[in-house]
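Thanks for coming. I will walk through one structure, starting with a definition and then going from the contact between chains to the inside of one chain.

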Amino acid sequence: MAIKNKKKLIENVIHGIFLILGLVTVGCVLLITVYLIVSGIPAIREIGLVDFLFGPKWASTAAEPKYGILPFILTSIYGTAGAILIGVPIGFFTAVYLAKQAPTRFKTVMENAISLLAGIPSVVYGFVGMMVLVPGIRKVFNVPDGASLLAAIIVLAVMILPSIIKVSMTSLEAVPKEYEDASLALGATPIETYFRVSVPAAKSGIATAVVLGVGRAIGEAMAVMMVSGNAANMPSLFQSVRFLTTAVASEMAYSSGLQQQALFSIALVLFLFIMLINATLNFFLKGQKEGA
Amino acid sequence: MQHNSLPARRKLYIGMMRVLMWLAVSIAGALVLFLVSYVLIKGIPNITWELLSTKPSYLDGTIGILPNILNTVYIILATLVVVLPLGVGAAIYLTEYAGNQKIVGMIEYAAETLSGIPSIIYGLVGMLFFCQFMNMQTSLLAGSLTLVIMNLPTIMRTTQESLKTVPQSYREGAFGLGAGKWRVIRTVVLPGCVDGIVTGCILAIGRILGESAALLFTAGFAHALNGLFDGLTSAGATLTVALYVYAKEQGEFEVAFAIAAILMVLTVLVNLGATLVGKYFKRKNSV
């Protein structure tokens with residue numbers, strides 16, 4: 001009897017340990033959320049929510065500092081929108097081709113290439129952008145400095161390609177073959193079938209891919225920091241700009257006091273954007289599950 | 001050709017879609033080709049033995065990246081040592097123990113949230129929590145712990161996936177022979193999910209290799225040469241952070257190209273490793 005109780009006790013202890021390990025993840029999320037809110041609120045209180053979010057000027061080191069992050073918010077939105085505008089069509093058509101038409105050999109090669117693209121560190125993207133794209137933009141468009149919103153948009157477009165292609169491909173490949181067979185039997189050509197039957201059938205997966213791309217683009221810091229010039233301007237295609245992410249990164253090293261607190265508040269705003277995107281993502285994922 | 005009988009509008013549509021697909025695939029393919037060859041061609045000539053085996057010296061005006069290589073290795077080791085038990089444990093809890101759907105949902109939602117948070121936010125919270133609140137200062141250890149949180153969902157997911165492939169009958173057989181739950185996990189379940197753990201490790205290594213924003217403010221910029229244990233408590237730049245510093249702050253483009261080429265090669269190796277491991281275990285499982 002005593003042995004049995006001891007055994008039971010041990011099992012319970014082990015169960016408890018695993019429960020704690022499982023809850024670590026939840027703890028981490030809580031930790032991040034609490035830290036961002038606690039450290040982000042004071043500056044917003046001091047500056048004023050409206051002045052902070054909609055203030056058109058950021059001059060944190062001026063004699064009379066101004067903490068308006070509207071330029072960062074707009075830059076992040078424009079930059080992400082631009083990256084989506086370029087990246088999604090390329091990613092979408094590539095995904096359709098690879099999932100439906102490509103010869104197996106070519107498909108394997110491209111899949112590996114795209115995995116590689118996903119694995120390349122963001123600083124390498126930033127560095128290549130800095131060495132190739134920035135001087136290129138300066139020459140082609142004849143502007144004084146190529147470090148601009150456009151350069152950031154192009155780098156981001158490349159960086160979101162792999163997630164868009166992979167996720168779209170997975171959902172395109174999951175389309176039941178019967179749908180396509182029916183369409184072919186009714187006289188549609190293969191290409192018509194892919195775009196008018198398979199793509200609509202996979203639309204929630206493709207939407208998921210786009211939202212994932214948005215999340216990745218809005219959260220990218222280092223690559224953007226190396227090509228966007230980093231001046232706190234209102235967004236304009238050929239001007240040096242600063243994103244929400246780079247605003248946090250570029251001043252953190254030397255900031256203190258209200259300036260540093262304002263950076264935490266920027267991070268909080270970024271976090272809220274990400275949470276919004278996550279919620280959208282979950283919405284689409286749910287739709288996918290129900291659709292399947 | 002049957003297509004000849006199609007009305008012009010349909011032919012136009014088909015032609016357009018075909019051109020768009022080819023265009024997109026060529027752009028994607030050309031991009032990868034360009035990126036890889038550009039970085040390698042510009043970088044490999046700059047990789048010298050001296051660069052790899054020394055530390056930067058202001059006196060001689062030379063730059064070496066040995067400290068950065070070591071820092072990267074230390075951070076990978078420290079992160080894996082902490083994240084493996086946490087991630088595997090969480091996965092085991094979810095698949096073997098959890099009965100309460102609410103808790104399962106909560107943990108899975110938390111993991112999803114974690115994998116969506118941008119690295120700069122991890123860096124910021126890591127700085128506030130590990131460096132300041134836990135008083136670790138800017139150190140490799142603080143950087144590793146930050147990366148632990150980042151990589152937790154990855155390890156959890158890959159382990160969970162492979163746990164699902166362990167047949168239920170194995171567990172039942174072990175239970176039937178009188179084994180306790182813990183014994184079943186140790187002797188039946190854990191050996192069955194080695195492939196998931198290994199895959200998770202490789203993915204995590206790839207992610208740690210490429211991470212920079214989360215390390216900038218937690219692990220710092222230093223280039224000092226340290227042993228493993230001194231290294232963990234002092235600040236240090238990994239290869240990615242060093243690339244950023246040399247390219248953006250110091251204008252040492254040759255060194256930056258060399259580091260970029262090294263990172264590119266490592267990325268290729270990590271990808272190759274993941275593919276090979278996947279194939280190896282697939283074959284093993286199917287036998």
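A residue is called buried when its relative accessible area is under 20%, exposed when that is over 50%, and partly exposed in between, with a 1.4 Å probe and protein chains only as cover. Asp181(A) is partly exposed, because its relative accessible area is 36%.

Some ground rules. This is a predicted model, in which local features need pLDDT of at least 70 and side-chain atom pairs count only at pLDDT 80 or more, while totals for chains, interfaces and linings use all residues. Residues are numbered from 1 along each chain as its sequence is written, chains are lettered from A and ligands numbered from 1 in the order in which they are written, and side-chain values use heavy atoms, with hydrogens and water left out.

Now the contact between the chains. Chain A and chain B bury about 6800 Å² between them, where buried area is the accessible area (1.4 Å probe) that two parts lose on being put together, summed over both. Of that area, 82% is on carbon and sulfur atoms. Phe18(A), Tyr35(A) and Phe127(A) supply 10% of what chain A buries against chain B, more than any other three residues. Counting contact as heavy atoms within 4.5 Å, 71 residues of chain A and 77 residues of chain B take part.

How many salt bridges are there between chain A and chain B? The count is 1, a salt bridge being a side-chain nitrogen of Lys or Arg within 4 Å of a carboxyl oxygen of Asp or Glu. Glu192(A) makes this kind of pair with Arg10(B), and their closest N and O atoms are 2.7 Å apart.

Over all chains, the structure holds 6 salt bridges. One of them joins Glu180(A) and Lys100(A), with the closest N and O atoms 2.8 Å apart. This pair links distant parts of the chain, 80 residues apart: Glu180(A) sits in helix H7 (residues 177-185) and Lys100(A) in helix H3 (residues 70-101). Both Glu180(A) and Lys100(A) are buried.

Back to Asp181(A), which forms a salt bridge with Lys177(A) at 3.2 Å between the closest N and O atoms. Both residues lie in helix H7 of chain A, 4 residues apart, about one turn of the helix. An α-helix has 3.6 residues a turn, so residues three or four places apart point the same way. Lys177(A) counts as exposed, because its relative accessibility is 56%.

Arg242(A) and Glu251(A) form a further salt bridge, with closest N and O atoms 2.8 Å apart. Arg242(A) and Glu251(A) are both buried. Glu251(A) is one of the residues of helix H11 that are buried. Why is helix H11 (residues 244-252) of chain A described as largely enclosed by the rest of the structure? Because 9 of its 9 residues are buried.

Val224(A) is in helix H10 (residues 222-227) of chain A and has a relative accessible area of 0%. Leaving out residues up to four places away in sequence, Val224(A) touches Ala152(A), Leu156(A), Phe243(A) and Thr246(A). Thr246(A) is among the buried residues of H11(A).

Ser148(A) lies in the loop between H5 and helix H6 (149-173) of chain A, and is buried at 0%. Beyond neighbours within four places in sequence, its contacts include Ile137(A), Val227(A), Leu237(A) and Phe238(A).

Ser122(A), in helix H5 of chain A, is buried with a relative accessible area of 13%. Which residues does Ser122(A) touch, not counting those up to four places away in sequence? They are Met159(A), Glu220(A), Met222(A) and Ala223(A), along with Gly210(B) and Ser212(B).

Last, Phe141(A), which also lies in helix H5 (residues 122-141). Phe141(A) is partly exposed, at 43%.

Technical notes: Helix = DSSP H or I, 4+ residues; strand = E, 2+ residues; numbered from the N terminus.
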